[in-house]
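Here's a friendly walk through one protein model, meant for someone meeting it for the first time. Have a look at the sequence and the 3D view, then read on.

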Amino acid sequence: MNIPEKSFSSKRLLSLDVMRGIIMILLMAESAMLYESLEDMEWAGAAGLLVQQFFHHPWNGLTFWDLVQPAFMTMAGSAMYISYYYKKKKGITWQQNFKHIAARCLKLFICGTALHCIYAGRLVWELWNVLTQLSLTTLIAYLIIQRPAFFQIGLSLTLLLLTEIAYRFILMPGYNEPFVAGKNFGAWMDMKLMGKINTDGWVAINFIPTAAHTIWGMLAGKVLVKEGNAVSKMITLIAAAFICLFVGYFLDILNITPVIKRISTSSFVLVSAGWVLIIMTVLYWIMDVLHWSRYAFVFVVVGVNAIFIYLFFETVGHQWVNGAVSVFISGFLAFTGINDKWIAVCASIATISAEWYLCYWLYKKKIIFKL
């Protein structure tokens, strides 16, 4: 199935829709317990190492899965800039569009905090969800969307510097070990904001350093949307990617600042941004330059309803669809003598397929949910 040209405005980048869809399908697979089911099979060698790439690194290090949230933040920044760019051409002012952005950020914040209540099964005040983080990074990025690129880069680096200073110099009793889980400035802030710390080491103030991802995504969108040669655009993005990778790994290797996803250290933000920019550039080259879009619809149908499907599989999907699908898959496959671990993998794949088809049905009906 090819994506009809009329389905997409020339103002849209197919690569961003595909990137958004890839991210959502990866998250959908996590919610459907696919990665855990594969891990339970105890693969050896390269296969085992590959499966581990779909879990967060326990602390100092980086896996593929650690790039998912930065990719979403970056892609969101690019999409926001491109949307603003064309709205401005239509005469919509920054102030007029700000009302829409502010309302969307508020809705994202509410959805993010509400999800934690659903996870807990009761009312809780927790600020660790990606939607909560995105609501704040989007607002920060939009406030400077009209400023020159050097100002935007300067502010993003300032946010990273402030994070470095806070972790190293705001040392409170019991929270005076900058890069130790539960003993750092971020954990202390969580106690102040929520009266609790995350047992897995995540901290709410991650939105400050990760705002750099959204700002840099905005800058990437500025590069991609401008008039000019596609090759020069890709060179610009790849050059920025290698600078981020070099500086980020340099900080980690020299033991200046370790690459830690769970507290979004500056080195992590830089390294993850580098890899994400490379992924973004490759997708731009494939989808928007070479126009190899034959199978793009697989991801696009999910990407256009990204927030809806995320909320769906984090609530209805996790609480009901996973179990309901498993009942039927397990029941039918039990007669075949297939190993229980393989049955769990098949149930996860069936769940993903069902949720993908829901997105496909919405796409065919031209139903798009927006915040």
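Does R168 count as buried or partly exposed? With a relative accessibility of 29%, R168 counts as partly exposed. Before going further, keep in mind that this is a predicted model.

**Salt bridges**

R168 has a partner: its side chain meets that of E164 in a salt bridge, with N and O 2.8 Å apart. Both residues sit in helix 7, which covers residues 149–169, and they are 4 residues apart, or about one turn of the helix. E164 is buried, because its relative accessible area is 15%, under the 20% cut-off for that word.

How many salt bridges does the structure hold? The count is 3, and here they are side by side:

| Pair | N to O distance | Where the residues lie |
|---|---|---|
| R20 and D17 | 2.8 Å | both in helix 1 |
| E164 and R168 | 2.8 Å | both in helix 7 |
| K196 and E126 | 3.2 Å | two loops, 70 residues apart |

Take R20 and D17: they are 3 residues apart in helix 1, about one turn of the helix. R20 is buried, and D17 is buried too.

Then there's K196, whose salt bridge with E126 has its closest N and O atoms 3.2 Å apart. This pair links distant parts of the chain: K196 is in the loop between helix 8 (185–194) and helix 9 (207–225), while E126 is in the loop between helix 5 (94–120) and helix 6 (130–143). K196 is partly exposed, at 24% relative accessible area, whereas E126 is buried, at 13%.

**Patches on the surface**

Now for the outside. Which residues gather in a patch of negative charge on the surface? They are E30, E36, E39, D40 and E42. One of them, E39, belongs to helix 2, residues 34–39, and is partly exposed with a relative accessible area of 33%.

There's a nonpolar patch on the surface as well, made of I243, F246, V247, Y249, F250, I253, L254, I256 and W275, with about 870 Å² of accessible area together. Helix 10, residues 230–253, gives the most to this patch, with 6 residues. W275 comes from helix 11, residues 266–289, and counts as partly exposed at 34% relative accessibility.

**Far along the chain, and how far in space?**

Back to the loop between helix 2 and helix 3 (45–52), which is where M41 is found. M41 is buried, because its relative accessible area is 18%, under the 20% limit. M41 and V345 are 304 residues apart in sequence, and their C-alpha atoms are 9.3 Å apart in space.

For another pair, look at G21 in helix 1, residues 14–31. G21 is buried, with a relative accessible area of 0%. G21 and S272 are 251 residues apart in sequence, with 19 Å between their C-alpha atoms.

Conventions:
Residues numbered from 1 in each chain as written. Predicted model: local features only at pLDDT ≥ 70, side-chain atom pairs only at ≥ 80, totals over all residues. Heavy atoms only, no water. Patch = residues over 30% accessible without salt bridge, like charges linked within 9 Å, V, L, I, M, F, W, Y side chains within 5 Å. Areas by Shrake-Rupley, 256 points an atom, 1.4 Å probe, with all protein chains shown as cover. Salt bridge = Lys/Arg side-chain N within 4 Å of Asp/Glu carboxyl O. Lys, Arg positive; Asp, Glu negative; His and termini not counted. Charge placed at Lys NZ, Arg CZ, Asp CG, Glu CD. Buried < 20%, exposed > 50% of the residue type's maximum accessible area, 1.4 Å probe, protein only.
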